[in-house]
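Q: Hi! Could you walk me through this one, in plain words?
A: Happy to, here it is.

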Amino acid sequence: RLFLVFCILDAGASDIITVLDTDGSVLGSYSGVSAGTPSHTSTGSTLQIRFQSDNTDSFLGFNLTHQTG
């Protein structure tokens with residue numbers, strides 16, 4: 001299993017960050033600025049992060065940490 005925590009999540013309102021589990025199911029989808037620090041735990045040995053930008057503005061972006069176990 002993987003444990004993922006977003007330390008910073010600051011994207012444009014039209015930018016989308018999606019976290020996918022081992023089986024491809026969506027664990028979370030984010031846009032704009034997060035008020036908290038979202039976290040996710042995978043059901044298997046992989047997680048996938050997809051970032052889609054509309055290329056209109058610049059924002060801080062995202063920073064995350066992970067642990068295995």
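A: What follows is a short chat about the fold and the aromatic rings.

Q: Where does the model come from?
A: This is a predicted model, where local features need pLDDT of at least 70 and side-chain atom pairs count only at pLDDT 80 or more, while totals for chains, interfaces and linings use all residues. Residues are numbered from 1 along each chain as its sequence is written, and side-chain values use heavy atoms, with hydrogens and water left out.

Q: Okay! How many helices and strands are there?
A: The protein has 0 helices and 6 strands. Both come from DSSP runs numbered from the N terminus: helices are H or I with at least four residues, strands are E with at least two.

Q: And how big is the protein along its principal axes?
A: The C-alpha trace spans about 35 × 20 × 15 Å.

Q: Why is the pair of F6 and F62 edge-to-face?
A: Their planes are at 65°, so the pair gets that label, and the ring centres are 6.1 Å apart. F6 lies in strand β1 (residues 2-10) and F62 in strand β6 (residues 61-68), so the pair ties together parts that are 56 residues apart in sequence.

Q: Is F6 buried or exposed?
A: F6 is buried, with a relative accessible area of 1%. Buried means under 20% relative accessible area, exposed over 50%, and partly exposed in between (1.4 Å probe, protein chains only).

Q: And what about F62?
A: F62 is partly exposed, at 33%.

Q: Which label does the pair of F51 and F62 get?
A: That pair is tilted, because the planes are at 50°; the ring centres lie 5.9 Å apart. The pair links distant parts of the chain, with F51 in strand β5 (residues 48-52) and F62 in strand β6, 11 residues apart. F51 is partly exposed, with a relative accessible area of 45%.

Q: Which residues form the aromatic cluster?
A: F6, Y30, F51 and F62 form one cluster.

Terms used. Rings of Phe, Tyr and Trp (its six-membered ring) pair if their centres lie within 6.5 Å; planes under 30 degrees apart count as stacked, over 60 as edge-to-face and the rest as tilted.
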